[in-house]
Amino acid sequence: MPSYRVTLAVGALAPGVAPDAVLPAAARLAGERAVVEAQDVRLLRGVPCAVVRYETADDTEAVAVGRHVVSGLRDVVEVRSDVVTRRDGGRWTPIA
């Protein structure tokens, strides 16, 4: 099964939300629709990003998982941008 990831550039947190709660929430949301392989926090060009890697059957399903994660986090954190990528050999190809 192909491997995908959703990368979320995060901004302001909702009142009362701890920074360390964002990544587990993103992984939980992805896990509602896919098998989660990994989760990580990265600093990309000075912007904190939550990254969740998961398996789905195809690109359409992978994009739906990514949208589900973004939608579910709207009340928790400002999502400045998001991208869904597919693992192609040794690189990640954007699909949405």
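**Reading burial and contacts**

Author: In this predicted model, Thr7 counts as buried, because its relative accessibility is 13% and the cut-off for buried is under 20% relative accessible area. Thr7 belongs to strand S1.

Reader: Which residues is Thr7 in contact with, leaving aside its neighbours within four places in sequence?

Author: The contacts of Thr7, counted in that way, are Leu44, Cys49, Ala50, Val51, Ser81, Asp82 and Val83.

Reader: Where is Thr56 found, and is Thr56 buried or exposed?

Author: Thr56 sits in the loop between strand S3 (47–55) and helix H2 (59–73), and Thr56 is buried, since its relative accessible area is 0%. Once its neighbours within four places in sequence are set aside, Thr56 is in contact with Met1, Pro2, Tyr4, Ala34, Glu61, Ala62 and Val65.

Reader: What does the side chain of Thr56 reach at 3.2 Å?

Author: The side chain of Thr56 reaches the backbone oxygen of Asp58 at that distance, and a polar atom of the side chain of Thr56 lies 3.5 Å from the backbone nitrogen of Ala62.

Reader: How many of the 10 residues of helix H1 are buried, and what covers them?

Author: In helix H1 (residues 22–31), 7 of the 10 residues are buried, so the helix is largely enclosed by the rest of the structure. The buried residues of H1 are Val22, Leu23, Ala25, Ala26, Ala27, Leu29 and Ala30, and what covers them includes strand S1 (3–13), strand S2 (35–44), S3, H2 and strand S4 (77–88).

Methods. Residues are numbered from 1 along each chain as its sequence is written. This is a predicted model: local features need pLDDT of at least 70, side-chain atom pairs count only at pLDDT 80 or more; totals for chains, interfaces and linings use all residues. Side-chain values use heavy atoms; hydrogens and water are left out. Helices (H or I, at least four residues) and strands (E, at least two) are DSSP runs, numbered from the N terminus. Buried means under 20% relative accessible area, exposed over 50%, partly exposed in between (1.4 Å probe, protein chains only). A polar contact is a pair of N or O atoms within 3.5 Å; within protein, one must be able to donate a hydrogen and the other to accept it, and residues adjacent in sequence count only if both atoms are side-chain atoms. Contact means heavy atoms within 4.5 Å.
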